[in-house]
Amino acid sequence: MLDSWYYCPNEGNMYPSLCVASWKGVRHEFEAGSKATIMVLLKDAFGNSISQTSEVSYLPDFKLYVLHENGSVASAPDISNIGWNEFDYVVIEFVVTIAGKFFLSLEGGNQTLNGSPLPLKVNPGCVLLFQW
């Protein structure tokens, strides 16, 4: 008689190059001044998905770079919001400010995430300014 073993691995620390970045709703065209949202599926070194309930000791700072088509940096947008959604994706929001055709590079822990750079098109738009 063979003994059976039950093994349930725990997720490890995030491994940036295996994480998958994508646009929320596959939308990559925006109006200048509007909010853009990307989603990141976190993975560990073995390809296991990491959820918001996982106990991991390493979640890096995410950085965004808007790149010209030739690869030079056009801007580094500020992340306005970052959090988890109900499907265990990290959701990152930022405001697009420069009109044109670009790519969006997403890094975590100084490593480029899988799927990055993402295509990005920003159409001219109105920006409301306040003077105090």
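The count of salt bridges comes to 2, where a salt bridge is a side-chain nitrogen of Lys or Arg within 4 Å of a carboxyl oxygen of Asp or Glu. This is a predicted model, in which local features need pLDDT of at least 70 and side-chain atom pairs count only at pLDDT 80 or more, while totals for chains, interfaces and linings use all residues. Residues are numbered from 1 along each chain as its sequence is written, and side-chain values use heavy atoms, with hydrogens and water left out.

Strands here are DSSP runs of E with at least two residues, numbered from the N terminus.

How accessible are these two partners, lysine 121 and glutamate 29? Lysine 121 has 31% relative accessibility and therefore counts as partly exposed; glutamate 29, at 38% relative accessible area, is partly exposed too. The classes are buried under 20% relative accessible area, exposed over 50%, and partly exposed in between, with a 1.4 Å probe and protein chains only.

Glutamate 93 and lysine 35 form a salt bridge as well, their closest N and O atoms being 3.5 Å apart. This pair also links distant parts of the chain, with glutamate 93 in strand β7 and lysine 35 in strand β3 (residues 35-41), 58 residues apart. Glutamate 93 counts as buried because its relative accessibility is 16%, whereas lysine 35, at 47%, counts as partly exposed.

I turn now to the rings. The structure holds 2 aromatic pairs; rings of Phe, Tyr and Trp (its six-membered ring) pair if their centres lie within 6.5 Å, and planes under 30 degrees apart count as stacked, over 60 as edge-to-face and the rest as tilted. Tryptophan 23 and phenylalanine 30 form a tilted pair, 5.3 Å centre to centre with 50° between the planes. Both tryptophan 23 and phenylalanine 30 are buried.

Tryptophan 23 also pairs with phenylalanine 94: the centres are 6.4 Å apart and the planes stand at 40°, so this pair is tilted. Since tryptophan 23 lies in strand β1 (residues 20-23) and phenylalanine 94 in strand β7 (residues 90-95), the pair ties together parts that are 71 residues apart in sequence. Phenylalanine 94 is buried, as is tryptophan 23.

Notes. Helices (H or I, at least four residues) and strands (E, at least two) are DSSP runs, numbered from the N terminus.
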